[in-house]
Number of protein chains: 2
Amino acid sequence: MCRKYGFIAPRSGIATEADEAAGLAARLGFPVALKVVSPDILHKTDVGGVELGCGSEQEVKAAFARITENVRRKAPDARVEGVSVEEMVREGVEVILGLTRDQQFGPVLMFGLGGVFTELLHDVSFRTLPVSAVDARAMIREIEGRPLLEGYRGQPPVSEEMLVDLLMKASRMGMDLGDRLESVDLNPIVVWGDQHRVLDAKVLLQPEDRVVPVAQPNSSHLEGFFSARSVAVVGASSTWGKVGNSVLDSLVNHEYRGRVYPVNPTKTEIMGQKCYPNLSAIPEPVDLVAVTVALSVVPDILRECAAKGIHNVVIHSGGGKELGGESLELEATIKRVARESDVRIVGCNCIGVYDSETKLDTLFQVHERMVRPKNGPIAILTQSGTVGAAVAESLADVGVCKFVSYGNRIDVDEADLISYLAEDPSTRVIACYVEGLAEGQKFLAAARRVAPRKPIVVFKSGRSQRAARASMSHTGFFGGSYGVAAGAFQQAGIIPVDSCEELAAVARALAMQPRARGSRLAMISNGAGTMVQAMDLMEGTHLTMPPLTPETVSRLKEVYPPFYLAQNPVDVTGSANSADYEVGIEALMEDPNVDIVMPWFVFQDTALDERIVEVLAKASEQYDKPILCGSMGGPYTDGISQTIQGRGVPMYHTVREWVAAAKGIAPRQ
Amino acid sequence: MCRKYGFIAPRSGIATEADEAAGLAARLGFPVALKVVSPDILHKTDVGGVELGCGSEQEVKAAFARITENVRRKAPDARVEGVSVEEMVREGVEVILGLTRDQQFGPVLMFGLGGVFTELLHDVSFRTLPVSAVDARAMIREIEGRPLLEGYRGQPPVSEEMLVDLLMKASRMGMDLGDRLESVDLNPIVVWGDQHRVLDAKVLLQPEDRVVPVAQPNSSHLEGFFSARSVAVVGASSTWGKVGNSVLDSLVNHEYRGRVYPVNPTKTEIMGQKCYPNLSAIPEPVDLVAVTVALSVVPDILRECAAKGIHNVVIHSGGGKELGGESLELEATIKRVARESDVRIVGCNCIGVYDSETKLDTLFQVHERMVRPKNGPIAILTQSGTVGAAVAESLADVGVCKFVSYGNRIDVDEADLISYLAEDPSTRVIACYVEGLAEGQKFLAAARRVAPRKPIVVFKSGRSQRAARASMSHTGFFGGSYGVAAGAFQQAGIIPVDSCEELAAVARALAMQPRARGSRLAMISNGAGTMVQAMDLMEGTHLTMPPLTPETVSRLKEVYPPFYLAQNPVDVTGSANSADYEVGIEALMEDPNVDIVMPWFVFQDTALDERIVEVLAKASEQYDKPILCGSMGGPYTDGISQTIQGRGVPMYHTVREWVAAAKGIAPRQ
């Protein structure tokens with residue numbers, strides 16, 4: 001089967017005479033191995049039936065003779081069909097290709113160097129199928145051991161085109177196998193120059209009739225979660241601290257202007273709102289139901305919803321599949337009834353939904369505890385409500401238009417929401433926190449469609465072996481599931497980040513600044529230390545730090561005193577005032593070598609005057625290049641930083657976030 | 001020379017007869033190689049003078065005969081001295097040992113696996129000489145490829161004892177070579193079981209008479225920088241924003257109670273203080289001089305100091321060796337004159353010194369711009385003044401007793417200060433930011449002496465190839481200078497961190513909590529997301545997450561509702577109140593499996609009441625185990641976090657800092 005896709009095994013032929021063997025060898029290319037072919041000889045070596053490394057026709061003939069003689073002597077009764085003449089693979093580099101079906105992301109291709117690189121160092125790269133030539137090239141360049149392919153120790157380099165072609169062949173094979181694919185292991189493949197030979201291949205297939213369903217994003221009725229004009233809270237409570245109390249508080253006592261109906265059979269009124277014994281008792285139409293009661297009664301609630309024509313339910317209650325056992329079944333039942341009732345569910349086990357335009361607010365965090373972000377271009381989707389809440393609070397000043405905590409995603413998931421947000425005019429940036437994806441292929445499909453129009457930033461935790469163990473194929477542990485996720489994210493055009501802080505940092509940059517045209521950055525600061533730290537963090541990323549053009553250098557040198565350093569990074573020392581920064585920032589903005597301008601400020605330095613606020617606001621308005629600022633310190637630094645951010649210029653307070661923001665807005669290729 | 005230290009090359013002997021060769025081979029062990037020995041034969045193979053892989057006495061005899069016959073036939077005139085019988089090294093693992101003289105840290109030992117591991121992946125470990133058995137073991141365990149030594153693919157493991165012994169041999173060799181050591185390269189060494197053979201060795205020595213001076217820490221007169229009762233400011237200025245104005249402001253207009261003398265020949269009074277034309281004109285004694293004028297006049301100032309019996313000078317002015325050229329010489333002159341005058345210098349190119357007890361404050365950051373930390377147990381030493389200032393501000397609430405920005409360290413350096421702080425009763429924790437060490441051996445010597453009594457936390461930036469390129473030996477780039485620094489820091493007992501935030505995080509933990517007895521941590525939270533993230537960050541560190549004892553588990557299960565997870569990490573869900581945390585924290589504090597207790601709080605969750613402040617304060621007081629807390633959010637979270645920190649319990653706002661704090665207070669071994 002592998003041959004069908006153009007994979008080449010070591011070539012061979014069978015000869016019955018010495019001359020024929022020599023001719024065959026000449027056609028295959030030297031050196032060759034000769035091996036007796038006989039159904040009666042199990043251990044060829046034991047009877048002298050193998051000769052390796054025959055380097056000429058002469059040697060082949062002699063070897064043929066020796067084998068014939070040996071076998072005649074040691075196994076006189078064996079039926080001999082001939083002698084196989086086999087191409088011996090020259091010295092090359094061993095690589096591995098693997099196809100497997102990842103639990104989250106479906107069929108994936110793996111590439112790595114053979115032996116210790118894969119087995120011991122897990123130095124492999126992944127992409128989901130189908131793999132494009134661009135993907136394949138990236139997979140090859142991603143692995144740490146790639147210098148081995150580029151002409152290590154004076155060896156001629158291995159053709160990247162040939163490798164790309166191998167990866168594409170494997171991808172095609174995987175696509176053709178479709179749902180039958182269990183795993184394919186081409187291991188090792190020896191490569192040299194523009195040649196390859198597959199030394200071993202293992203293919204595991206599933207029965208013909210298997211169908212692996214891939215769900216499609218479904219954004220029907222999602223609008224209702226953000227624009228409902230009336231909300232019923234099932235489980236509304238008058239006890240402080242109860243979820244049913246906090247949700248009601250968020251809806252009743254703040255800016256939401258729709259109707260709110262507490263539902264609780266034991267009360268007649270809560271927070272000044274008339275209370276109803278059940279949904280059906282509410283005389284008016286209801287757009288959205290918030291459920292804070294036990295999951296076991298949810299199926300009945302859903303049927304009531306269907307009867308009342310309600311299409312949107314947020315289930316805050318926990319007690320779902322995170323507990324295993326019966327709860328798993330219960331969630332499945334809820335899912336089925338929801339489908340039957342044409343009801344969409346957000347949750348269960350979530351903190352709710354918030355829309356900063358309609359002020360529809362079902363979060364069970366009371367306002368005193370959690371600041372609701374102002375209206376703005378960022379949408380936050382989060383598997384963990386509390387992690388998402390913290391990210392939302394940290395972006396309160398930039399603005400969050402929509403916040404969805406989807407928890408156990410019985411129904412609505414990231415993919416549905418991303419598809420919905422693609423058409424939402426308020427959303428310009430999508431920030432997403434996930435721990436694991438239930439339907440990775442659906443997620444990728446949605447992201448791939450939306451990412452070219454709206455940036456999607458994802459922090460995926462649960463990466464470690466401990467938190468999410470994943471193994472692949474026979475070769476053991478292959479880098480864990482995050483390797484697969486990282487590859488899949490890159491394919492889909494997702495911007496990956498490594499912490500909540502970075503998620504907020506990149507979302508902030510994307511909300512406040514244009515995306516960068518390239519990944520070449522320039523720094524300028526009155527304190528060099530943080531620039532040194534940034535250079536350390538840039539190592540191994542796609543960010544680069546080009547030299548400034550000679551024009552920029554002379555422009556700076558003309559104005560700056562001799563002890564300022566007019567190079568990249570620009571060091572304007574503790575003596576710098578806002579005019580010095582102004583000159584520097586303008587020069588960097590206008591330097592064609594620079595895609596991202598990154599000023600860091602030591603606001604503690606007394607020489608730096610507050611006109612810097614205007615300088616930055618002007619630069620940010622005037623140029624179409626992103627500017628990302630940084631500073632660290634106490635109250636004065638915080639104050640002026642907030643003023644600057646208020647003018648549309650992002651300001652980071654750790655070097656890590658500053659660099660992460662640059663990584664996030666710079667294109668990967 | 002290598003033999004003298006017990007390194008073994010492949011063994012061999014010369015035989016003149018077949019029987020002798022066979023006997024020799026039997027003693028060496030099979031297989032062996034036979035090679036003709038003749039001063040007249042250059043290419044032994046060409047004359048059939050080499051036979052490899054002789055596996056028995058019989059084969060040796062036959063090979064001996066063939067060689068003799070071949071040589072007789074093909075080189076009849078050659079003088080033949082015999083046939084050398086050489087041990088052939090079995091299949092084993094290639095390792096590398098290297099000795100070199102690092103620019104910062106002096107003689108170092110490097111260990112790595114051969115081939116691609118070292119050359120391509122830079123998977124090597126370093127320690128400074130002499131290397132102890134503990135160091136050697138750590139070096140072996142640090143490298144990523146170590147599974148190759150532990151019995152990879154069914155191979156028998158390589159003896160760690162033997163490897164440790166090899167490293168110790170190399171260390172002894174390096175120590176004996178002393179100042180003559182340039183580099184030693186034992187590459188490759190093949191190891192298997194408890195055996196080794198050095199296949200190649202290169203030794204480069206310096207001339208006999210080279211002496212590499214190693215400076216000793218010198219803390220004489222340092223007291224004066226912190227307790228001076230009178231300060232003269234040379235270059236005092238009445239212009240806002242000038243360094244000479246800000247320093248005077250810090251001394252005159254705040255809490256410093258000593259005498260302050262502005263020195264400026266063009267003024268009679270500044271800030272209400274009588275001004276003097278020069279130091280000599282000051283009629284009273286002066287303890288400390290702050291210099292904000294050009295470096296060129298410093299030698300004269302130092303002579304004035306000597307005349308007035310002044311031993312302490314802080315030089316704020318830049319323009320030193322950071323500019324290269326003549327400035328380098330000027331710094332050397334200043335250094336010489338300072339030694340001659342018995343004057344200690346902090347700086348140049350620094351922001352000054354601050355003591356929170358005496359309030360002696362020569363920082364040129366005015367108080368409005370930079371908060372002065374309250375008095376407390378942390379001393380901050382920083383090469384970059386502005387980076388240090390930000391760290392100091394972030395520790396303002398914990399307390400910083402002494403802050404020293406030493407800049408270009410013309411004289412006083414980290415090592416001098418660490419030695420001084422060792423005896424300082426106010427200092428319990430030393431936090432240090434360095435970009436590069438001028439005298440690494442001096443620094444390590446000081447740290448090694450002090451670290452067992454007072455923890456020393458170091459953030460060293462300037463790690464990347466770009467920022468600090470370092471190469472070693474002939475094998476190319478060997479992991480860069482931070483590899484050497486990391487090894488040296490570990491040997492010296494320094495706690496290494498990776499960012500300013502982590503420097504502050506670990507210093508905070510050490511200041512507020514006891515050190516951990518082990519590295520086993522337990523987490524508890526009402527929001528599981530951050531615990532998942534922490535588990536990801538723990539991967540590859542020395543931190544572990546043990547199961548709780550059965551006693552702890554049943555203790556928790558008795559009290560908790562069934563949907564709380566009574567395991568490590570403990571998940572108390574969004575329903576948790578302070579009583580739930582109290583039960584959990586006490587159980588973890590009393591669990592013998594746990595060394596560090598790490599609660600994370602979602603303060604946004606309404607169920608969590610404010611009695612948590614008392615719960616944490618009590619736990620921190622009552623138990624001798626460190627407790628490290630975390631939370632993320634907005635103003636409410638910040639407020640309650642500050643209250644909790646005020647009660648002596650550290651609270652971190654990023655998962656990274658939370659985990660870093662645990663790493664910092666947990667012992668490495």
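## Chain A overall

Of the 669 residues in chain A, 60% count as buried. Keep in mind that this is a predicted model. Chain A carries 20 helices and 28 strands, and its C-alpha trace spans about 105 × 75 × 35 Å along the principal axes.

Start with H10(A), residues 385-394, and H14(A), residues 500-512: they pack at about 40 degrees, with axes 10 Å apart. Angles under 35 degrees count as roughly parallel and 65 to 115 as roughly perpendicular, so H10(A) ends up oblique to H14(A). H10(A) passes H14(A) in a right-handed crossing. On the H10(A) side the contact is made by A:Val387, A:Val391 and A:Ser394, and on the H14(A) side by A:Cys500, A:Leu503, A:Ala504 and A:Arg508. Sorted by type, the residues of this contact come out as five nonpolar, one polar and one charged.

Now for H18(A), residues 612-622, and H19(A), residues 635-646. These two pack at an angle of about 30 degrees, and their axes are 9 Å apart. With the roughly parallel class covering angles under 35 degrees, that makes H18(A) roughly parallel to H19(A). Their crossing is right-handed. A:Ile612, A:Val613 and A:Leu616 of H18(A) meet A:Ile640, A:Thr643 and A:Ile644 of H19(A). That contact divides into five nonpolar residues, one polar and no charged.

## What covers H18(A)

The buried residues in H18(A) are A:Ile612, A:Val613, A:Val615, A:Leu616, A:Ala617, A:Ala619 and A:Ser620. Which elements cover them? The cover includes helix H17 (578-590), strand E26 (596-601), strand E27 (629-631) and H19, from chain A.

## A buried helix in chain B

Over in chain B, helix H11 (residues 414-422) is mostly covered, with nine of its nine residues buried. At the start of H11(B), a side-chain oxygen of B:Asp413 comes to within 3.1 Å of the backbone nitrogen of B:Ala415.

## Two single residues

A:Asn245 sits in helix H7 (residues 243-252) of chain A. Is A:Asn245 buried or exposed? Its relative accessible area is 7%, so A:Asn245 is buried. Setting aside neighbours within four places in sequence, A:Asn245 is in contact with A:Ser237, A:Ser238, A:Thr239, A:Trp240 and A:Met271.

B:Leu121 is found in a loop of chain B, between helix H3 (116-119) and strand E7 (124-128). At 15% relative accessibility, B:Leu121 also counts as buried, the cut-off being under 20%. Which residues touch B:Leu121, leaving aside neighbours within four places in sequence? The contacts are A:Phe117, A:Leu121, A:Glu144 and A:Gly145 from chain A, plus B:Val116 from chain B. B:Val71 is another story: B:Leu121 and B:Val71 are 50 residues apart in sequence and 45 Å apart in space, C-alpha to C-alpha.

Note on methods
Residues numbered from 1 in each chain as written. Chains lettered and ligands numbered in written order. Predicted model: local features only at pLDDT ≥ 70, side-chain atom pairs only at ≥ 80, totals over all residues. Heavy atoms only, no water. Axes fitted to C-alpha atoms, helices over the stretch in contact; angles between N-to-C directions. Helix = DSSP H or I, 4+ residues; strand = E, 2+ residues; numbered from the N terminus. Parallel < 35°, antiparallel > 145°, perpendicular 65-115°, else oblique. Left-handed = near helix turned anticlockwise from the far one by under 90°. Contact = heavy atoms within 4.5 Å. Nonpolar A, V, L, I, M, F, W, Y, C, P; charged D, E, K, R; others polar. Buried < 20%, exposed > 50% of the residue type's maximum accessible area, 1.4 Å probe, protein only. Polar contact = N/O pair within 3.5 Å; in protein donor to acceptor, adjacent residues only side chain to side chain.
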